[in-house]
Amino acid sequence: MSKNALTFLLFGLVIFLAVYSVWRISQPRILSVEEMKVNGFTLFGETEPIIDFKLIDHNGDAFTKANLENKKLNFLYFGYTSCPTECPVMMSVMRQLYDKIDTTDVAYYLITIDPEIDTLDRLKSYVTGFNSEFIGLSGEDHEIVKLGHQLGVKKLAPMQNHMNQRIINHVNHLIVINSDARVVGIFKDQFDSSAMALVVKSLLYTE
């Protein structure tokens, strides 16, 4: 083999390895159950699809279990617009997560647990203030309770704190449901958007 041919071959090999390395780095890494747990996610095993429900989105359109089929993953968070602490923090985390994973395969929902106060206009203004793609969901109280019960979300009756703020104690989990309406798992205890992004990319790769 001539010197020029050998040089060309080596140059081609270097280019191939560089391109392959970039491709490998860009691929999501499949996390183990333990790795997901370390990153704040509890992965569920095989679960039954949730029972159908009847809600409405912040535009007044019907929202049922069938709507979950539109995305690989659906993030459901139960909260309310006048929540002073936990809810705005979680909404901010979801906004950061949205920016980090950069995909159209995930939907983000805030399901109000205070439909008496959270009108559709108020709900829309609140969720879209964090991200224009986020969707607020409301409906009859018994429908919200029915869905929450299936997902392990319970709430207490509203009360006033020492600052006259409306407080509703509730489970502060971000629930992940796939397009088959099955619960994949939940984020809890640790809400670091970078760690969550690693989990979500892994889940998207395997769903």
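Leaving aside its neighbours within four places in sequence, which residues is Glu143 in contact with? Glu143 is in contact with Phe53, Lys54 and Leu55, where contact means heavy atoms within 4.5 Å. The model is a predicted one, in which local features need pLDDT of at least 70 and side-chain atom pairs count only at pLDDT 80 or more, while totals for chains, interfaces and linings use all residues. Residues are numbered from 1 along each chain as its sequence is written, and side-chain values use heavy atoms, with hydrogens and water left out.

We begin with the whole protein. Its secondary structure comes to 6 helices and 10 strands; helices (H or I, at least four residues) and strands (E, at least two) are DSSP runs, numbered from the N terminus. Of the 207 residues, 40% count as buried. Buried means under 20% relative accessible area, exposed means over 50%, and partly exposed is in between, with a 1.4 Å probe and protein chains only. Among contacts with a separation of 6 or more, 72% are between residues 24 or more positions apart.

Next comes the sheet. This open sheet has 8 strands in the order β1-β10-β9-β4-β5-β6-β2-β3, with mixed pairing. Two strands pair if DSSP finds at least two bridges between them. At the edges stand β1 (41–43) and β3 (62–63), each with a single partner strand, so one side of each is left without a neighbour in the sheet.

Strands β5 and β6 run parallel and are joined by 3 bridges; Ile111 stands opposite Leu137 in β6. Strands β2 and β6 run antiparallel, joined by 2 bridges. Here Leu137 in β6 is the bridge partner of Asp57.

Asp57 lies in strand β2. Its relative accessibility is 11%, so Asp57 counts as buried. Not counting residues up to four places away in sequence, Asp57 touches Phe63, Leu120, Ile135, Gly136 and Leu137. Asp57 and Leu110 are 53 residues apart along the chain, and their C-alpha atoms are separated by 9.7 Å.

Now the helices. Helix α5 (residues 141–150) contains Glu143, the residue of the opening question. Glu143 is buried, with a relative accessible area of 10%. The buried residues of α5 are Glu143, Ile144, Leu147 and Gly148. They cover an arc of only 130° around the axis, which puts them on the same side of α5; the arc is that of the directions from the helix axis to the C-beta atoms. An α-helix has 3.6 residues a turn, so residues three or four places apart point the same way. On the other side of α5, His142 and His149 are exposed. Just after α5, Gly152 takes a positive phi of about 75°.

How do the axes of α3 and α6 cross, and which residues meet? The axes of helix α3 (residues 86–101) and helix α6 (residues 193–206) come within 9 Å and cross at roughly 50°. Axes are lines fitted to C-alpha atoms, for helices over the stretch in contact, and angles run from 0 to 180 degrees between N-to-C directions. The two helices, α3 and α6, are therefore oblique to each other; angles under 35 degrees count as roughly parallel, over 145 as roughly antiparallel, 65 to 115 as roughly perpendicular and the rest as oblique. Val93, Gln96, Leu97, Lys100 and Ile101 in α3 meet Ser193, Ser194, Met196, Ala197, Val200 and Lys201 in α6.

Asp192 is found in the loop between β10 (183–187) and α6. With a relative accessible area of 37%, Asp192 is partly exposed.
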